Amino acid sequence: MKVILAPCAAKDIEEIIQFIRVRDSREAAMEVLGRLEQTVFSLVHLPNRGSWVRELEALGLKSVREIHCSPYRILYEVQVDEVHVFCIADERRDMASLLERRILGA
């Protein structure tokens, strides 16, 4: 299984790390980056372990899964021999609005 980080997910990570670096410290940002990378790339071994994204499941969409690296939600889709990660967001955000823009193109 191969993990592919979509450009928007890579941008999510950059923004998270920059925010932490400015608000806290470089060391704190690097610690969060390490945890996020470890969690994302753990999908290589058990990609189907994540739960369905409740905001999308309510719409009948059951192809997108999520795992957590608190306080972040990592959203992804499993396709044949690849895992496509397309969103990494703080779980305190309005996820429904973010998903409308990101997945549904609204």
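**View 1. The pairing of strand 4 with strand 5.** Strand 4 (72–79) and strand 5 (82–90) pair in the antiparallel sense over eight bridges, where two strands count as paired if DSSP finds at least two bridges between them. Helices (H or I, at least four residues) and strands (E, at least two) are DSSP runs, numbered from the N terminus. This is a predicted model, in which local features need pLDDT of at least 70 and side-chain atom pairs count only at pLDDT 80 or more, whereas totals for chains, interfaces and linings use all residues. Residues are numbered from 1 along each chain as its sequence is written, and side-chain values use heavy atoms, with hydrogens and water left out. Within this pair of strands, Y76 stands opposite V85 in strand 5.

**View 2. The turn between strand 4 and strand 5.** These two strands form a hairpin with two residues between them, and V80 is found in this loop. Although V80 is not a glycine, its phi is positive, at about 40°. With a relative accessibility of 82%, V80 counts as exposed, given that exposed means over 50% relative accessible area, buried means under 20%, and partly exposed covers what lies in between (1.4 Å probe, protein chains only).

View 3. Strand 3 (64–69) is joined to strand 4 by six bridges, and the two run antiparallel. Across this pairing, R65 has Y76 in strand 4 as its bridge partner, while H68 stands opposite R73 in strand 4. The two strands form a hairpin with two residues between them. P71 lies in the loop between strand 3 and strand 4, and the peptide bond that leads from S70 to P71 is cis, with omega near 5°.

View 4. E91 belongs to the loop between strand 5 and helix 4 (95–102), and with 35% relative accessibility it counts as partly exposed. When its neighbours within four places in sequence are left aside, E91 is in contact (heavy atoms within 4.5 Å) with H68, S70, P71, Y72 and R73. By contrast, D81 is 10 residues from E91 in sequence, yet their C-alpha atoms are 28 Å apart in space.

View 5. Five strands form an open sheet in the order 1-5-4-3-2, with mixed pairing. Its edge strands are strand 1 (2–5) and strand 2 (51–52), each of which pairs on one side only. Helix 1 packs on the sheet and touches strand 1, strand 4 and strand 5, its direction making about 35° with that of strand 5; axes are lines fitted to C-alpha atoms, for helices over the stretch in contact, and angles run from 0 to 180 degrees between N-to-C directions.

**View 6. The largest nonpolar core.** A nonpolar core is a set of buried Ala, Val, Leu, Ile, Met, Phe, Trp, Tyr and Cys residues joined through side-chain atoms within 4.5 Å. The largest such core has 21 residues, of which I16, L36, I74, V85 and I88 touch the most other members. The elements that contribute two or more residues to this core are helix 1 (7–23), helix 2, strand 3, strand 4 and strand 5, and the largest share, six residues, comes from helix 2. Beyond its neighbours within four places in sequence, I16 is in contact with V32, L36, Y72 and I88. Another core, of 11 residues, lies apart from the largest one and includes A6, V64, L75 and L98.

**View 7. A29 in helix 2.** A29 has its place in helix 2 (residues 26–41) and is buried, with a relative accessible area of 0%. Leaving aside its neighbours within four places in sequence, A29 is in contact with I17, I20 and R21. The C-alpha atoms of A29 and I17 are 5.1 Å apart in space, although 12 residues separate the two in sequence.

**View 8. The chain as a setting for the close-ups.** The secondary structure comes to four helices and five strands, which follow the pattern β-α-α-β-α-β-β-β-α along the sequence. The C-alpha trace spans about 40 × 30 × 20 Å along its principal axes. Of the 106 residues, 39% count as buried. Among contacts with a separation of 6 or more, 45% are between residues 24 or more positions apart.
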